[in-house]
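Please look at the structure shown here and keep it in view while reading. The paragraphs that follow go through selected features of its fold.

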Amino acid sequence: MRVMLKSGFCRRLGAAVVAVLGLAGAGAAGAVEKVTVGTSWYAQAEHGGFYQAKATGIYEKYGLDVTIKMGGPQVNGLQLLLAGQYDFTMGYPLRNINAVGEGLPVVSVAACFQKDPQGLIAHPQVKDLQSVGDRTVLISTSARSTYWPWLQAEYGFKDSQAKPYTFSLGPFLADKELVQQAYVSSEPFAAEKGGVKPNFFLFADYGYPPYAATLETRRELVEEKPEMVRKFVQATLEGWKSYLNDPAPGNALIQKDNPEMTDEQLAYGLAKLKEYGIVTGGDAGEEGIGYMNDARWEKTFEFMVKAGLVSDDVDYKKAYTLEFLPEEPVLP
């Protein structure tokens, strides 16, 4: 945790401003560095910070020529990162820790999301997670190695309840007793379009510990190009701040990459990111967008060990570093 003493505020603020301007100035004066970042899915509001930083020239200000590659169902971002096709991906702490346990040289350097946007949607008669009871819950395969063990441990969910989610809302709309996995900005929107206003339960608001949308890179880049990593983190976090204030430039690029993304869906997604404090909630309000701390990573690791998702002898601290968080926080 970074602490700023009141007596040294002006001095430290001045130094921080000089440092930031130095980064930008060095980027503008020196050679432009090419950087490729892979997102987690097709372009959407959850990727707004990257697109905004590119659209508004923030990356360029820091001497970075950034290419954004969309994810998708057939895209393995971690594999592409390790192969050197990506310099950064949108990571996830559980994946980061598991990768370290497998000896893979990946590391997270910031967390764009203070809260994982994952949750469940249910019909109006289900008021909270405790009320799900014995209802069938539609989940993806990946859920069994992420949030499902947490639901079992904390809320008594049973494997007998879990059925495959086929990424179609048809079954949910047809059966008022079904519950299913959902992203805060996606399935609830589709359900409303289908005539059902569901209740949404964000796991993070019930104590699910991991950060999300981490800026994940290879350890060799952290060691060999620390200034490039530092500039990319700074610029991306500034991009998120800008996107939350005026998303139009970023949205234009999002729709260029993903023409199926409508204005209505983008507006809904951004509104939900704000409503649930996905980017600016938690510690980000005081510590800045992208903030991470040791305690949160430790809590995530402890959950994984308890759930049998990782061995207790894994050195989870290799999965992240706080070295590249801005000295002067990018406050919302």
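Just after helix α2, Gly 57 takes a positive phi of about 85°. Helices here are DSSP runs of H or I with at least four residues, strands are DSSP runs of E with at least two, and both are numbered from the N terminus. The model is a predicted one, in which local features need pLDDT of at least 70 and side-chain atom pairs count only at pLDDT 80 or more, while totals for chains, interfaces and linings use all residues. Residues are numbered from 1 along each chain as its sequence is written, and side-chain values use heavy atoms, with hydrogens and water left out.

Helix α2 itself covers residues 48–55, and six of its eight residues are buried. Buried means under 20% relative accessible area, exposed means over 50%, and partly exposed lies in between (1.4 Å probe, protein chains only). The buried residues of α2 are Gly 48, Gly 49, Phe 50, Tyr 51, Gln 52 and Ala 53.

Most residues other than glycine have a negative phi. Phe 167 has a positive phi of about 60° and is found in the loop between β7 (162–164) and α7. With a relative accessibility of 58%, Phe 167 counts as exposed. Ala 213 has a positive phi near 50°, but its place is in strand β10. Ala 213 counts as buried, at 7% relative accessibility.

In soluble globular proteins, nonpolar side chains tend to be buried together.

What is Ile 97 in contact with, leaving aside its neighbours within four places in sequence? Contact means heavy atoms within 4.5 Å. The partners of Ile 97 are Trp 297, Thr 300, Phe 301, Met 304, Val 310, Val 314, Tyr 316 and Ala 319.

Helix α10 packs against helix α12 (residues 263–275) at an angle of about 115°, with the axes 10 Å apart. Axes are lines fitted to C-alpha atoms, for helices over the stretch in contact, and angles run from 0 to 180 degrees between N-to-C directions. Angles under 35 degrees count as roughly parallel, over 145 as roughly antiparallel, 65 to 115 as roughly perpendicular and the rest as oblique. The two helices, α10 and α12, are therefore roughly perpendicular to each other. On the α10 side the contact is made by Trp 240, Tyr 243 and Leu 244, and on the α12 side by Leu 266, Leu 270, Leu 273 and Lys 274.

Lys 272 also lies in helix α12. Is this lysine buried or exposed? At 17% relative accessibility, Lys 272 counts as buried. Apart from its neighbours within four places in sequence, Lys 272 is in contact with Val 184, Ser 185 and Ile 278.

The last topic is charged pairs. A search of the whole structure finds 15 salt bridges, each a side-chain nitrogen of Lys or Arg within 4 Å of a carboxyl oxygen of Asp or Glu. One of them joins Asp 205 to Lys 115, with the closest N and O atoms 2.9 Å apart. Asp 205 lies in the loop between β9 (199–202) and β10 (212–218), and Lys 115 in the loop between β4 (106–113) and β5 (118–122), so the pair ties together parts that are 90 residues apart in sequence. Asp 205 is partly exposed at 44% relative accessibility, whereas Lys 115 is buried at 18%.

Another salt bridge is formed by Arg 135 and Glu 177, whose closest N and O atoms are 2.8 Å apart. Arg 135 is in the loop between β5 and β6 (137–139), Glu 177 is in the loop between α7 (170–174) and β8 (179–183), and the two are 42 residues apart. Arg 135 is partly exposed, with a relative accessible area of 22%, and Glu 177 is partly exposed too, with 40%.
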